[in-house]
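Please find below a colleague's note on the structure shown here. The points follow in numbered order.

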Amino acid sequence: MAKLPPDEVLLMGPGPSPVHPRVLEAMSWPTLGHLDPEFLTIMNETMDLLRFVFQTRNRLTLPISGTGSAGMEAALVNFIEPGDRIIVCVNGVFGTRMADIVGRCGGVLIEVKAEWGRAIDPDDVEKALDDNPGVKAVCIVHAETSTGVLQPLEPVVELAHDRGALVVVDTVTSLGGIPVKVDDRGLDVVYSGTQKCLSCPPGLAPLTVGDRAMELFGKRSSPVQSWYLDLGMLTKYWGKERVYHHTAPVNMIYALHEALALIEEEGLEPRFERHRVNSAALVAGLKAYGMSLLPPEEERLPSLTAVLIPDGVDDAEARKKLRFQHGIEIGGGLGDYKGRLWRIGLMGHGSRRENVERALRAIGAVLNDLGHKCSADEALAEVDRVYRTAG
Ligand SMILES: Cc1ncc(COP(=O)(O)O)c(C=O)c1O
């Protein structure tokens, strides 16, 4: 028999992340009808709050009913028709997933690759654009959760727009923790997920679409292959017409509304700074344990730290101890990094000093148990130094 309710686990993996108590409470509010006038007001406010967090004025800004992968599919199936040339930047699991979807849409896939653990080189995107005239879109992951890499977007956007291509961006592990700046950067189609830096449970995928992309959507010659994710129909439900399309997950939308309201209360800049400082503190502590980070400093995500496991320490054993002796979940490596990497999330409500310190104490204890000698006191002194410097 499952233990219900489960004991609380400190979620410090690649997601889901800790959910704010106010968000959990919002989920238990009375369910309204999905076309009830009061619920429609909540939907409108949710769209406005999403515009605030995405930093955009895009009219089409709404949560897709489904997880981050549904956001990814919506961002691709609505704009790709068979035969379209699409560049996908691949440097981890989620670029690989985008490439898979492009193929399923009948797009002609052009991959631009970088080694896992490194950002995509804009020169490689430029070459792919030059070698393939008429590319319709360049797809790229802002925060590659499989490797902890933060992708600088501006150079890629400039190259793509120079050649008339759209830019589709995955912000699943960045939205709400790292500036996304949809309008400033001119991003055309951007999606995310609720379970990372927004501090909601998994279940919705915020999406925003700019004018350039909407214009291309309007010129499609074939129907969108997915009925459920067709933005033409979705905007009739979320827009003025309010035409029934599917039954919105009402209580999840309450949760998202509350999570976004919390972000508005905190302010975007203080929130980004909080993510930056807590991650710097975690990194300082891990380094004091003699551990090395996978991405170089300038390509590191503040929301997710990818750190190499010290030689001789068994990954599965260590994560089991963290989970069952210390009540902390962290993530393991994927692909070639399976067994060699830990992914430690500090996202949204989870990005707090007390979590940094608790995780470092637990990791220190587990490393010592498994033969890697290190001092938690030294690590915590480094952590303290980071917080004192940050003020
Ligand atoms: C960068 C990125 N994109 C897409 C996804 C897919 O989201 P989901 O698992 O919610 O479907 C994830 C999930 O971790 C992710 O980290």
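1. In helix H10, the buried residues are Ile-253, Tyr-254, Ala-255, Leu-256, His-257, Glu-258, Ala-259, Leu-260, Leu-262 and Ile-263. Buried means that 20 or more other C-beta atoms, placed from the backbone, lie within 10 Å of the residue's own. Helices are DSSP runs of H or I with at least four residues, and strands are runs of E with at least two, numbered from the N terminus.

2. The model is predicted: local features need pLDDT of at least 70, side-chain atom pairs count only at pLDDT 80 or more, and totals for chains, interfaces and linings use all residues. Residues are numbered from 1 along each chain as its sequence is written.

3. Among the elements that cover the buried residues of H10 are helix H2 (37-54), strand E2 (60-65) and helix H11 (268-288). Here, contact requires C-beta atoms, placed from the backbone, within 7 Å.

4. H10 spans residues 250-266, and Gly-267, just after this helix, has a positive phi of about 95°.

5. The protein chain is divided into domain 1 (21-265) and domain 2 (267-390), with bounds from an automatic or database domain assignment. To their contact, domain 1 gives 23 residues and domain 2 gives 22 residues. The C-alpha centres of the two domains are 29 Å apart.

6. Around the ligand there are 15 residues, the closest being Thr-67, Gly-68, Ser-69, Thr-145 and Val-172; a residue counts as near if its C-beta atom, placed from the backbone, lies within 6 Å. Helix H3 (residues 68-77) contributes the most to this shell, namely three residues.

How values were computed:
Expected span 1.5 Å × (residues − 1). Buried ≥ 20, exposed ≤ 12 C-beta atoms within 10 Å, placed from the backbone. Contact = placed C-beta atoms within 7 Å.
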